[in-house]
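This report describes a protein model in terms of its helices, nonpolar cores, salt bridges and surface charge. The sequence and structure are shown first.

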Amino acid sequence: MNTSAYTREEEFREEDNHLLSWDEWLRQHVAQLLLFARQQSRSPEDAEDILQDALIRLARKEAAGEFVGGQEAWLSYVFASIRRLAVDYGRKSDRRQKREDEACAAEQDEDVYADPWFSSAAADEELKQFMEMQLKKLPSKFSEVIVLKIWGEQTFQQIAETLEISQNTVASRYRYGIDLLRKALRNKKEQL
């Protein structure tokens with residue numbers, strides 16, 4: 001009998017008997033999983049979210065006793081989950097971007113007719129100064145998004161990259177800031 005083959009076989013059996021704790025398994029595989037998630041996703045933030053979701057899926061299946069294959073199949077399962085989740089995230093992002101672009105186009109169409117202060121040619125100086133003052137009064141997280149979107153002519157995606165925040169956050173800050181400016185403008189018009 002070949003001694004080296006017997007020794008390798010014994011080592012293999014010992015490895016099978018030794019299961020890693022969840023923390024040990026994560027430490028051993030997180031770098032390669034994150035790298036794969038980054039390759040599959042559109043942003044580093046999405047990659048982290050995707051990896052987290054994939055790990056949660058694994059943990060839930062394992063806790064429910066539904067996972068088949070044991071710990072040696074975890075890695076393959078997480079890789080497959082990352083791939084599927086990245087596709088889902090991409091589709092959601094595309095749908096969200098389309099909705100946001102349509103909403104912005106509709107808002108811009110409304111703004112051209114309802115709020116002439118956006119168009120410097122039609123705005124009188126007093127109204128322009130009032131709106132600038134209101135923009136300065138807004139919290140910077142709202143005003144910077146509005147300035148980048150309207151005067152910087154940036155997309156939500158470009159703004160998200162610039163400010164290193166999610167597109168959802170950019171869109172909600174934009175909408176909230178615009179709403180605050182509209183309220184201020186309505187109040188000014190009511191006072192006149």
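## Terms and basis

A residue is called buried when its relative accessible area is under 20%, exposed when that area is over 50%, and partly exposed in between, with a 1.4 Å probe and protein chains only. The areas themselves come from the Shrake-Rupley method with a 1.4 Å probe, and for residues only the protein chains shown count as cover.

The model is predicted: local features need pLDDT of at least 70, side-chain atom pairs count only at pLDDT 80 or more, and totals for chains, interfaces and linings use all residues. Residues are numbered from 1 along each chain as its sequence is written, and side-chain values use heavy atoms, with hydrogens and water left out.

## Overall architecture

The protein has eight helices and zero strands, where helices (H or I, at least four residues) and strands (E, at least two) are DSSP runs numbered from the N terminus. The order of elements from the N terminus is accordingly α-α-α-α-α-α-α-α. Of the 192 residues in the protein, 32% are buried.

## Nonpolar cores

A nonpolar core is a set of buried Ala, Val, Leu, Ile, Met, Phe, Trp, Tyr and Cys residues joined through side-chain atoms within 4.5 Å. The largest such core has 20 residues, and Met 131, Leu 138, Ile 146, Phe 156, Val 170, Tyr 174 and Leu 181 touch the most other members. At least two residues of this core are supplied by each of α5 (125-137), α6 (140-151), α7 and α8. Helix α8 gives the largest share, seven residues. In soluble globular proteins, nonpolar side chains tend to be buried together.

Lys 137 is found in helix α5 and is exposed, with a relative accessible area of 57%.

## Salt bridges

A salt bridge is a side-chain nitrogen of Lys or Arg within 4 Å of a carboxyl oxygen of Asp or Glu. The count by this rule is two salt bridges. In one of them, Arg 42 pairs with Asp 94, and the closest N and O atoms are 2.6 Å apart. Arg 42 lies in the loop between α2 (22-40) and α3 (44-63), and Asp 94 in helix α4 (residues 74-114), so the pair ties together parts that are 52 residues apart in sequence. Arg 42 is exposed at 53% relative accessibility, while Asp 94 is partly exposed at 42%.

The salt bridge of Asp 179 with Arg 182 has its closest N and O atoms 3.9 Å apart. Both residues lie in helix α8, three residues apart, about one turn of the helix. Asp 179 is partly exposed, at 36% relative accessibility, whereas Arg 182 is buried, at 17%.

## Charged surface patches

Patches are made of residues with over 30% relative accessible area and no salt bridge; like charges are joined within 9 Å, and nonpolar side chains (Val, Leu, Ile, Met, Phe, Trp, Tyr) within 5 Å. Lys and Arg count as positive and Asp and Glu as negative, while His and the chain ends are not counted. The place of a charge is taken as NZ of Lys, CZ of Arg, CG of Asp or CD of Glu.

A positive patch on the surface gathers Arg 57, Arg 84, Arg 91, Lys 92, Arg 95 and Arg 99. Helix α4 contributes the largest share of this patch, five residues. Arg 99 is found in helix α4 and is exposed, with a relative accessible area of 51%. A negative patch on the surface gathers Glu 45, Glu 48, Asp 49 and Glu 164.

## The loop residue Glu 164

Glu 164 lies in the loop between α7 (156-163) and α8 (167-191). Its relative accessible area of 66% makes Glu 164 exposed. Phi of Glu 164 is near 55 degrees, a positive value in a residue other than glycine. Most residues other than glycine have a negative phi.
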